[in-house]
Amino acid sequence: MTEYQAMGRALELALRGTGKVSPNPRVGCVILRDGEIIAEGWHDHFGGMHAEVHALTSARSSLDGATLVVTLEPCAHHGKQPPCTDAIIATKRRPDGTLDPERGIRRVVIGMRDPNPAAGGGLEKLQQAGIEVTVGVREQECWWLNRFFVKHVTTGKPYVIGKAAISLDGCIATRDGASVWISGEESRRRSHALRAEVDAVLVGRGTVQRDDPHLGPRLVRGKMPRRIVLDTHLRLAPTHRVFSDSHRMRTVVCTSPQAAVTSTAELLKRRGVMVLPVPLDEKGRLSLAAVFDVLGEELLVSSVLVEGGQEVLSGCVADGLLDELHLFVAPMLLGAGIGAFGRLAVESLSAAPRWHYHAISRAGDDLHIVLFPQRSSA
Ligand code: AOF
Ligand code: ZN
């Protein structure tokens with residue numbers, strides 16, 4: 001097996017931490033000796049053993065001369081776990097503690113460097129111990145796996161994904177608001193897979209009122225993300241599913257500081273729903289930027305899937321808050337319906353938010369388009 005293929009296996013193993021390691025990264029590791037895998041490891045849950053140590057401790061044969069292949073630069077710090085760099089270097093020590101170049105791990109292949117300022121620097125430490133290090137193997141795939149972690153650990157803010165199921169002409173609902181079945185089964189399955197990957201799913205008050213959604217990843221196996229509801233004046237009835245079903249402890253309602261101390265807020269809190277006061281913007285609405293800041297910093301939410309409706313999606317685009325956008329486009333026309341981004345006031349073509357197509361695929365009868373924002377030089 002080549003190192004490139006071994007990194008593919010490490011990427012697969014990393015997925016085993018999905019939904020359990022956040023806000024840590026998903027990390028996978030394999031150890032190769034004479035082209036054969038002799039050990040595998042992954043970071044399984046937050047606070048748990050790191051991928052490299054997991055692999056090192058499960059090796060079935062001698063590590064002498066072996067290559068360790070890992071999706072993320074081994075950490076060099078004492079966090080909840082001891083430094084992986086030390087564990088790798090330890091394989092080279094003679095009983096008297098000195099380093100023997102013939103013993104233990106000879107080479108380390110890294111997918112991407114660790115952007116966490118507290119944990120980085122492992123690469124240099126390994127080199128200082130005489131280990132040969134290569135970095136950047138399948139780097140794009142490793143970044144994709146950890147794009148939530150990278151944004152959160154470098155900015156304190158969550159990675160924000162917008163999602164909408166739209167008609168060919170960009171509507172999320174007919175004029176009277178009927179929207180539930182625009183996209184097909186495969187699109188819904190993929191949106192549920194997205195729900196299972198993120199820490200939180202976010203919707204506005206209108207969506208809860210109209211659809212009374214559950215917001216869980218029912219069509220795939222996966223954990224229930226936190227459910228974030230934006231309700232500036234806390235007007236939603238406490239009978240809605242997000243406030244009353246068995247997952248209500250996973251619901252966070254963001255509301256104005258005034259509404260957060262009302263009797264409705266108290267009732268929700270008694271049920272286990274979290275009520276999070278968020279500052280209002282100059283127009284008296286919840287500041288979306290502030291919502292994401294609070295989620296990232298106070299609740300350590302590293303990724304949010306914004307599912308709508310029109311007002312929230314438009315607001316996120318207007319304020320430049322989306323890092324990624326998923327559109328599921330159903331082959332139907334809705335004419336004068338409700339546009340997914342209909343609240344966006346675009347004054348001129350040059351002011352139009354622009355995107356890059358990242359990936360386009362068929363999802364059953366629908367198209368699944370993944371986009372990244374074109375950011376100005378900032
Ligand atoms: C690795 N291998 O499998 C992971 C790493 O608090 P701790 O000790 O779990 O450290 C968490 C930090 O370590 C995390 O922010 C990231 O920088 C790195 N994660 N590093 O070498 C792993 N999960
Ligand atoms: Zn580590």
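Three elements, β7 (171-173), α8 (205-211) and α12 (310-318), each contribute at least two residues to the lining of the largest pocket; helices (H or I, at least four residues) and strands (E, at least two) are DSSP runs numbered from the N terminus. The model is predicted, with local features needing pLDDT of at least 70 and side-chain atom pairs pLDDT 80 or more, while totals for chains, interfaces and linings use all residues. Residues are numbered from 1 along each chain as its sequence is written, chains are lettered from A and ligands numbered from 1 in the order in which they are written, and side-chain values use heavy atoms, without hydrogens and water.

The largest pocket has a volume of about 980 Å³. A pocket here is an open set of points on a 1 Å grid over the protein atoms alone, where a 1.4 Å probe fits, with protein on both sides within 12 Å along at least five of seven lines; lining residues have an atom within 4 Å of a point. Its lining comprises 37 residues, with Arg-285, Glu-311, Val-312, Gly-315 and Arg-343 nearest the centre. The largest share, seven residues, belongs to α12.

Oxygen atoms of ligand 1 lie 2.6 Å from a polar side-chain atom of Glu-52, 2.9 Å from a polar backbone atom of Lys-80 and 3.4 Å from a polar side-chain atom of Asn-24. Of the 510 Å² of accessible area that ligand 1 has on its own, the protein covers 96% (Shrake-Rupley method, 1.4 Å probe).

Notes: Points joined across faces, edges and corners; volume = space filled by probe spheres on them. Polar contact = N/O pair within 3.5 Å; in protein donor to acceptor, adjacent residues only side chain to side chain.
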